[in-house]
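Work through the exercises below with the sequence and the model at hand. Each task is followed by its solution.

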Amino acid sequence: MKQTIMFDLDDTLVHCNKYFYLVIDQFVDLMKTWFASHPLTTEEIRDRQTEIDIAGVQTSGFKSEHFPESFVETYRYFSGLYGRKTNSAEEDHLWKLGLSVYESETEPYPYMEETLLKLQLAGHDLHLYTGGEPLIQFKKIERFQLERYFNERIYVRQHKDIQALESIVSEQGFDRENTWMVGNSIRTDIVPALTAGIHAIYIPTKTEWQYNIVEINVEPKGQFLTLQHLPDVPTAINEYAAGK
């Protein structure tokens with residue numbers, strides 16, 4: 001039986017977190033250099049930056065400026081804490097450093113194309129559901145020519161939460177008993193899918209953003225699977241569809 005399958009983009013189909021972590025490492029190195037005469041630790045810098053970044057997402061969704069803002073606000077916080085005078089040139093450097101992550105040449109997860117093609121050839125309807133700004137997300141989509149698999153069935157939302165997923169499922173008239181969400185984020189992929197009463201496949205990443213880590217307090221109405229690798233998805237879904 002044909003299934004409707006929604007895929008997350010970042011860290012499900014293409015790499016994302018690792019580029020942010022590389023830039024954060026550069027930020028920490030700068031902060032350690034600038035605050036070398038103060039007892040500022042790497043852990044303190046990372047914790048403060050994460051806290052500020054997550055607060056921005058929770059307030060206004062996935063906006064590109066949250067990331068560079070978290071660098072500047074972290075810098076200002078510790079400058080105030082240690083009585084170090086802020087410098088506009090340093091702030092400008094941090095802002096540009098934060099924005100540089102969006103210029104990274106992303107790469108796909110192993111067997112991305114093979115996975116999507118196998119599902120497409122099996123007759124399933126593939127949809128792409130991602131959080132962020134359209135300009136940034138469509139740059140990735142175009143780079144990997146993902147329209148070949150999703151056509152116009154692409155949804156980019158600033159807020160990727162329970163309400164956003166429910167609106168897509170309802171507006172598109174998906175049959176919930178034959179609809180899946182595949183993603184790496186418990187917060188933005190799995191919990192919303194289970195709440196909407198559709199099937200969910202969780203593919204954990206090696207290093208997960210703290211924002212995505214929440215408890216699952218929803219009782220699944222359908223299938224809820226944890227798979228370790230993207231290529232495992234077609235077998236799992238096809239086996240379910242064959243048994244219907």
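**Exercise 1.** Compare the span of helix 3 with the expected one, then state which of its residues are buried and what they pack against.

*Solution.* Helix 3 covers residues 66-82, which is 17 residues, and its first and last C-alpha lie 24 Å apart, close to the 24 Å expected at 1.5 Å a residue. The expected span is 1.5 Å times one less than the number of residues; helices are DSSP runs of H or I with at least four residues, strands are runs of E with at least two, and both are numbered from the N terminus. This model is predicted: local features need pLDDT of at least 70, side-chain atom pairs count only at pLDDT 80 or more, and totals for chains, interfaces and linings use all residues. Residues are numbered from 1 along each chain as its sequence is written, and side-chain values use heavy atoms, with hydrogens and water left out.

Next, the buried residues (under 20% relative accessible area, 1.4 Å probe, protein chains only) include F67, F71, Y75 and F78. The buried residues of helix 3 pack against helix 1 (17-34), helix 2 (42-60) and helix 4 (88-99). After helix 3 comes G83, with a positive phi near 70°.

Terms used:
Buried < 20%, exposed > 50% of the residue type's maximum accessible area, 1.4 Å probe, protein only. Contact = heavy atoms within 4.5 Å.
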